[in-house]
2 protein chains.
Amino acid sequence: MAEPSSTTQELPERPKGEEEGEKGEGEKGPSKGALKKAAKEKEKAEKAAKRKAEEAAQKAASEASDVSKADYGDLPMIGSHPYVPNADSATRIQLASLAQEEGDISGKEVTFRAIVENARNQAAKLSFVVFRQGISTIQGVVAASETLSRQMVKFAGGIPAESVVLVHAVVEKPKEAVKSTTIQHLEVHVKQLFVIAKADAQLPMQVEDAERPLPGEGEEQTENEGRPIVTLNTRLNNRVIDLRGKHNHAIFTIKDGVTLLFQEFLRTRGFLNTNTPCLLGAPSEGGANVFEVTYFASRAFLAQSPQLYKQMLIAARFERVMEVGPIFRAENSNTARHLTEFTGLDLEMAFEEDYHEVVSLLEELMLYIFTGLRERYKLETDLVRSIYHVEDFKLPAAGSVPRLTFPEGIAMLRADGVEIGDFDDLSTPDEKHLGRLVLEKYGSDFYVLDQYPLAIRPFYTMPSSATQAAYNPSSPNAGYSNSYDFFMRGQEIMSGAQRIHDAGFLEKRMREHVTPVDPNSDGLRDYVNAFRYGCPPHAGGGIGLERIVMLWLGLPNVRLASLFPRDPGRLVP
Amino acid sequence: MAEPSSTTQELPERPKGEEEGEKGEGEKGPSKGALKKAAKEKEKAEKAAKRKAEEAAQKAASEASDVSKADYGDLPMIGSHPYVPNADSATRIQLASLAQEEGDISGKEVTFRAIVENARNQAAKLSFVVFRQGISTIQGVVAASETLSRQMVKFAGGIPAESVVLVHAVVEKPKEAVKSTTIQHLEVHVKQLFVIAKADAQLPMQVEDAERPLPGEGEEQTENEGRPIVTLNTRLNNRVIDLRGKHNHAIFTIKDGVTLLFQEFLRTRGFLNTNTPCLLGAPSEGGANVFEVTYFASRAFLAQSPQLYKQMLIAARFERVMEVGPIFRAENSNTARHLTEFTGLDLEMAFEEDYHEVVSLLEELMLYIFTGLRERYKLETDLVRSIYHVEDFKLPAAGSVPRLTFPEGIAMLRADGVEIGDFDDLSTPDEKHLGRLVLEKYGSDFYVLDQYPLAIRPFYTMPSSATQAAYNPSSPNAGYSNSYDFFMRGQEIMSGAQRIHDAGFLEKRMREHVTPVDPNSDGLRDYVNAFRYGCPPHAGGGIGLERIVMLWLGLPNVRLASLFPRDPGRLVP
């Protein structure tokens with residue numbers, strides 16, 4: 001077993017300023033000034049060497065007299081050899097579990113890996129170190145004694161915040177509850193303390209600065225309780241530090257939760273999880289907003305959704321399919337609601353008689369997700385909402401999700417003074433307005449708008465008055481379609497529809513659409529053909545994962561719900 | 001409620017040949033030949049019109065006398081209105097459940113949606129239709145009676161295979177077990193039969209042709225039991241029909257199963273599911289084999305793995321992360337084992353003392369997946385293996401996955417006559433050879449090769465003799481690294497390693513690597529910086545989902561494990 005080294009690792013430091021200062025001088029030979037300067041440098045170097053030698057001697061002496069020599073220091077790079085006695089990995093504890101142990105556990109010896117939240121020398125004989133694991137923190141006491149040297153106390157107090165350490169300690173009850181840590185009824189008295197990975201002394205931003213809210217859309221804010229607001233840009237530029245914030249761990253735990261609940265519910269309903277391609281041979285959904293890829297000697301395009309593929313899977317007799325995967329949109333929108341890459345939760349299913357069978361299942365799905373978040377992720381939700389103050393998300397009474405038709409929605413807006421045509425698309429302010437009206441009337445932050453105008457939906461959308469091979473333009477529902485959007489807090493989170501499952505009718509609609517597409521084009525031929533082979537009626541939808549997270553938590557920007565967000569101006573980190 | 005139409009939907013037919021034949025003739029006026037031809041055409045058209053009129057009259061007469069008029073025909077396009085009495089969607093049954101009902105259920109009336117596997121007129125008064133749902137098939141009898149017309153019998157026998165139909169029928173016991181269907185002890189006597197979506201009479205390939213095996217690598221085969229072998233290319237060109245094969249449903253159910261088991265196991269071990277970006281600002285892993293994307297006025301690159309991002313998440317204090325997502329490799333390899341887009345199952349975790357903690361967890365994970373497949377997906381596995389005859393996958397005894405060091409592997413190969421250097425990379429034949437030797441010696445198709453030579457692994461791999469800031473070239477394990485590959489049937493399915501968690505050492509290794517990379521380049525700066533902020537020792541791995549499926553089932557080509565495979569020559573469908 002190797003001995004831990006008690007010297008701290010020195011990162012190579014750049015000489016400050018001097019090197020740059022010399023450049024460009026003395027083009028033909030050293031000037032007088034330069035000679036003088038060189039002499040000065042020499043003297044300086046000699047002094048530094050002397051100082052270094054003295055320090056080394058002092059250190060050696062100090063080490064010789066250090067009773068704790070083997071109990072602290074920087075560990076060699078950990079690989080496949082344990083270095084520290086009493087620190088067997090199998091017995092290492094979690095602070096969260098320790099906090100929940102019952103009875104008096106004073107005197108218990110524990111070993112754990114943790115982050116140093118902060119460390120300070122209180123006096124020559126006493127240092128305090130706050131240790132963190134996840135969202136738990138505990139106070140560590142390093143006090144000089146017969147078996148613990150002042151050198152070790154000094155070392156402990158000097159560990160840079162955010163370093164990773166290995167701690168061997170005795171659990172004690174503090175005289176009074178510790179106020180600055182999450183575990184307040186316990187502290188640990190350190191016996192051994194090793195640095196596993198040292199953080200730079202100067203970080204580009206502080207984790208605690210990341211834990212303050214960003215200003216909301218339209219709001220301006222430059223400081224908060226006397227501390228500077230770190231801008232979103234700075235946070236995203238230093239995303240690794242930013243993500244260390246407790247609220248960020250909560251956000252991404254919730255995001256994982258949404259995916260889990262989505263898959264969990266749909267599996268019980270017989271959905272198969274699938275993986276369809278992102279690389280396409282031709283743009284498939286009209287050609288706008290699509291990223292182009294150099295593909296060997298040719299080119300490819302990034303899928304804007306798994307739409308055509310999940311439908312082809314229905315034609316391939318997979319009755320119910322779902323997919324969780326990246327969605328790419330080459331939309332040059334720099335808003336708080338748009339990303340160029342996000343996660344899509346997609347599903348498609350065959351139905352029997354009426355596409356509302358699918359709408360009902362989708363409503364159930366969303367209620368399952370919301371209820372699951374409420375029950376299983378309360379701690380995380382509360383933690384985020386303690387920063388981003390937002391109203392609790394109001395769910396409808398069970399089984400009664402407000403489901404309005406588009407004309408009903410228009411009527412509500414008109415009754416409230418909005419001027420809007422029967423078949424106009426809803427603007428973002430219109431949507432938010434309608435969301436408020438629905439909340440007032442039905443007490444729900446979640447609702448469905450059904451039967452959108454046909455003209456504002458994609459070519460594959462089933463007209464609502466369709467019959468075998470045509471649709472009846474004189475029907476009372478002419479101009480509408482079997483399509484729907486789902487809303488949270490007045491913002492769209494899912495768009496879906498019944499799709500046309502008849503090849504001949506699909507071709508007709510492709511040609512007649514507001515933005516016509518060619519059924520014989522490379523990107524669409526196979527898709528159209530799929531419906532010549534017999535395909536059941538089907539409907540589905542696509543949910544933006546980041547939007548659900550944003551709207552559930554009331555985050556001011558969708559970027560906060562993406563680990564490493566992508567927008568027209570950001571591709572790093 | 002709309003009445004079902006009893007006329008079949010006529011797809012527009014192209015006139016055969018004639019139109020093309022006329023083009024290019026008679027540039028200045030019709031020639032004699034053309035006039036003659038026109039007269040002939042006229043006569044032909046008149047005849048056709050007469051025939052049509054006669055047929056219509058016949059049909060009308062037939063319909064008038066048709067007692068079953070309301071019980072069969074083509075349904076209007078289904079949208080949001082039920083068309084058929086007795087066919088309430090809530091009471092529709094699944095054939096698989098019907099087959100399992102106990103006791104005598106003769107006389108039970110059932111309604112179901114199904115596919116027509118085939119239909120034939122046995123006699124004027126009798127047709128047989130085989131109905132399919134998923135992997136279940138049942139025989140349908142359509143027999144003329146006082147309440148069922150001959151017209152309906154004829155209609156039923158003429159439904160093109162692969163059409164989607166709605167059936168209302170009475171369950172009966174057949175006189176003898178039906179041999180050609182999966183449900184042999186029951187048949188259904190049809191009372192109503194409607195076509196929901198008609199398939200083209202001529203399909204580009206037959207589903208049953210898709211259900212025969214492809215020749216394996218190197219094998220040649222042009223027919224099988226007298227039937228033609230449909231080539232892989234034809235199958236993939238018509239993937240929607242190909243995927244209808246029962247074995248394909250089984251393959252993708254198993255693929256879903258692997259993902260489910262992967263996530264299920266890792267969630268119990270505290271892993272968080274994450275989504276990291278596919279769009280990168282710069283190539284990150286050396287720059288080779290990366291797809292370039294036009295990104296607004298600039299460019300982006302498709303991630304070759306979530307490697308750098310999952311490590312940054314470890315630095316961001318997410319202790320254990322996993323990701324399921326697409327992986328893009330611009331490798332111009334046209335082999336049976338390579339795809340340009342596939343699904344990666346990735347994970348990364350911090351460890352305490354020894355990276356073998358991670359290797360052990362990965363072994364447990366793989367055993368969990370294999371055992372889960374065996375227990376939960378036996379039906380599907382057997383179904384696929386009944387086509388692709390392959391030996392059962394041999395698992396090691398619990399807790400004893402063979403784990404060899406690279407030198408041990410080399411020694412085994414040499415003992416068996418292979419000439420190979422100590423630090424040579426294993427070729428594909430070497431890997432397969434070693435797989436056979438391990439199977440002989442340890443009785444396992446699954447094993448781990450540990451401690452690969454450093455020079456053949458990526459720059460971020462931890463050398464095995466690394467200490468605090470350097471690694472010792474005179475150490476006995478110099479030249480090796482803390483890295484490992486996992487194998488199934490002698491083929492690699494996962495590659496992983498301990499990663500360097502110290503920024504200074506990482507920079508050094510980047511510069512010294514066989515293919516050096518610049519730590520200050522756009523694609524790597526943020527990654528390297530992440531380790532300046534204090535990052536615990538960590539290791540992980542990436543698994544190719546399609547490879548696991550291929551090797552578990554013994555498929556001859558990895559494309560068969562991808563719904564819509566992508567290779568250098570294929571981007572459609």
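**Exercise: an edge strand and its sheet**

Identify the residue in strand 12 of chain A that stands opposite L280(A), and place the strands concerned in their sheet.

*Solution.* In strand 12 of chain A, the residue opposite L280(A) is F301(A). This is a predicted model, in which local features need pLDDT of at least 70, side-chain atom pairs count only at pLDDT 80 or more, and totals for chains, interfaces and linings use all residues, while side-chain values use heavy atoms, with hydrogens and water left out. Residues are numbered from 1 along each chain as its sequence is written, and chains are lettered from A and ligands numbered from 1 in the order in which they are written.

Strands (E, at least two residues) and helices (H or I, at least four) are DSSP runs, numbered from the N terminus. Two strands pair if DSSP finds at least two bridges between them. Strand 10 of chain A and strand 12 (residues 298–302) of chain A run antiparallel and are joined by 2 bridges.

These strands belong to an open sheet of 6 strands with antiparallel pairing, in the order 10(A)-12(A)-11(A)-11(B)-12(B)-10(B). Strand 10 (279–280) of chain A and strand 10 (279–280) of chain B each have a single partner strand and stand at the edges, so one side of each is left without a neighbour in the sheet.

**Exercise: the setting of strand 16 of chain B**

Determine how many residues of strand 16 of chain B are buried, and which strands pair with it.

*Solution.* Buried means under 20% relative accessible area, exposed over 50%, and partly exposed in between (1.4 Å probe, protein chains only). Of the 5 residues of strand 16 (residues 446–450) of chain B, 5 are buried, so the strand is largely enclosed by the rest of the structure.

In a regular strand the side chains alternate between the two faces of the sheet. Here both faces are covered, with F446(B), V448(B) and D450(B) buried on one side and Y447(B) and L449(B) buried on the other.

Next come the partners. Strand 15 (residues 403–405) of chain B runs parallel to strand 16 of chain B, with 3 bridges between them; D450(B) is the bridge partner of T405(B). Strand 17 (residues 483–488) of chain B pairs with strand 16 of chain B in the antiparallel sense over 5 bridges. In this pairing L449(B) stands opposite D485(B).

Classify the aromatic pair formed by Y355(B) and Y484(B), and state which parts of the chain the pair links.

*Solution.* Rings of Phe, Tyr and Trp (its six-membered ring) pair if their centres lie within 6.5 Å; planes under 30 degrees apart count as stacked, over 60 as edge-to-face and the rest as tilted. By this rule there are 38 aromatic pairs over all chains. Y355(B) and Y484(B) form a stacked pair, at 6.1 Å centre to centre with 5 degrees between the planes. The pair links distant parts of the chain, 129 residues apart: Y355(B) is in the loop between strand 14 (341–350) and helix 10 (356–376) of chain B, and Y484(B) is in strand 17 of chain B. Both tyrosines, Y355(B) and Y484(B), are buried.

In chain A, ring pairs link Y355(A), F370(A), F393(A), F446(A), Y484(A), F486(A) and W552(A) into a cluster.

A charge sits over a ring if NZ of Lys or CZ of Arg is within 6 Å of the ring centre and within 35 degrees of the ring normal. R457(A) lies over the face of Y452(A), 4.4 Å from the ring centre, and R385(B) lies over the face of W552(B), 5.3 Å from the ring centre.

State how many disulfides the model contains, and describe the surroundings of C278(B).

*Solution.* A disulfide is a pair of cysteine sulfur atoms within 2.5 Å. C278(B) is in no disulfide, and the nearest cysteine sulfur, that of C278(A), is 6.0 Å away. With a relative accessibility of 5%, C278(B) counts as buried. C535(A) is also buried, at a relative accessible area of 0%.

**Exercise: M510(A) and its contacts**

Locate M510(A), decide whether it is buried or exposed, and list the residues it touches.

*Solution.* M510(A) lies in helix 14 (residues 503–512) of chain A. Its relative accessible area is 0%, so M510(A) is buried. Contact means heavy atoms within 4.5 Å. Leaving aside residues up to four places away in sequence, M510(A) touches F459(A), P516(A), V517(A), P519(A), L524(A), Y527(A) and V528(A).
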